[in-house]
Amino acid sequence: MLVLFWVASLAVIASAILCITRRSPVASALWLVSVLFHLSVLYVLLDAQFIAAVQILVYAGAIMVLFLFVIMLLNLGRLGPPDMRGVRGKLITAAAGFILVGELVALRRVALTSGFVLEEGTIARLAEEQGVVQVIARPLFEQYLIPFEIASVMLLAAVVGAVVLAKRKL
Amino acid sequence: MLLGPALTVSAILFTLGVAGVMLRRNAIVIFMCIELMLNAVNLTFVALAQQLGLDGQVFVFFVMTVAAAEAAVGLAIIIALYRHRDTVNLENINLLRG
């Protein structure tokens, strides 16, 4: 299991590096799909099977199709001039990146308050007892019902906004 | 048990997203890098949900909803921008630059 975790992690990081360095937007988008797929492997290993399925359906399916569709619509598939920043930009990016990753890894040292920590395997046991979907559906539709309804209003607003913005003439 | 490694992976992934935003000038690629960052945060939520309860997984749900809405609106903005300027290169879209 640990081996699978590291293989998937390496695939995620390698795909992410390729995604931000490929010149063609289409290649970037396809490498991003690879990132999302391998992330869903990590989700399964972290006992979030339903999230993994949703990740593939929503992210790798719907959102990435939207991206590729826009690239096709704007006819950006052909190789344009390189859009990377110059040497100075790359140096600044590298410095900022190292500082950020150092900070984030340092944050790992913060210990979780032990009063809240569940014992190991609790989530897996719950999923086994109640089913993988129900274990998420219960808090989603009981405790988080109002945020859920607000999310639906937000999606409606996004749909209307997207149409208004992208339409030539209303 | 996988918490530490998962947090490391998500830190690297988030940093790669930030690096992409700083490195590229193509608006669509920058948008994809923002998706990378959102996914890094999702990984953190899922990893911590193993120890802190299922609320983390529910929150991943909401993050995905917001990401979908953001992708739709953002890509619409990019299309509108392309209509006006015939380019998605941010070098040429500098009206707000001082």
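Predicted model: local features only at pLDDT ≥ 70, side-chain atom pairs only at ≥ 80, totals over all residues.
User: How many nonpolar residues are in the contact of helix 2 of chain A with helix 3 of chain A?

Analyst: No charged residue takes part in this contact of helix 2 with helix 3 of chain A. There are 3 polar residues, and the nonpolar ones number 19.

User: Are helix 2 and helix 3 of chain A roughly parallel or roughly antiparallel?

Analyst: The axes of helix 2 (residues 25-45) and helix 3 (residues 49-73) of chain A come within 8 Å. They cross at roughly 175 degrees. Angles over 145 degrees count as roughly antiparallel, so helix 2 of chain A is, relative to helix 3 of chain A, roughly antiparallel.

User: How far apart do the C-alpha centres of domain 1 and domain 2 of chain A lie?

Analyst: The domain assignment of chain A places domain 1 at 2-110 and domain 2 at 120-170. The distance between the C-alpha centres of these domains of chain A is 23 Å.

User: What pattern does chain B follow along the sequence?

Analyst: Chain B has 0 strands and 3 helices. Read along the sequence, the pattern of chain B is α-α-α.

User: What percentage of the residues in chain B is buried?

Analyst: Among contacts in chain B with a separation of 6 or more, 48% join residues 24 or more positions apart. Of the 98 residues in chain B, the buried share is 52%.

User: Which element gives the largest share of the side of chain B that touches chain A?

Analyst: The contact takes 69 residues from chain A and 61 residues from chain B. Elements of chain B that give two or more residues to this side are helix 1 (3-23), helix 2 (27-52) and helix 3 (55-85). By class, this side of chain B has 45 nonpolar, 12 polar and 4 charged residues. The largest share, 21 residues, comes from helix 3 of chain B.

How values were computed
Residues numbered from 1 in each chain as written. Chains lettered and ligands numbered in written order. Contact = placed C-beta atoms within 7 Å. Helix = DSSP H or I, 4+ residues; strand = E, 2+ residues; numbered from the N terminus. Nonpolar A, V, L, I, M, F, W, Y, C, P; charged D, E, K, R; others polar. Domains from an automatic or database assignment. Buried ≥ 20, exposed ≤ 12 C-beta atoms within 10 Å, placed from the backbone. Axes fitted to C-alpha atoms, helices over the stretch in contact; angles between N-to-C directions. Parallel < 35°, antiparallel > 145°, perpendicular 65-115°, else oblique.
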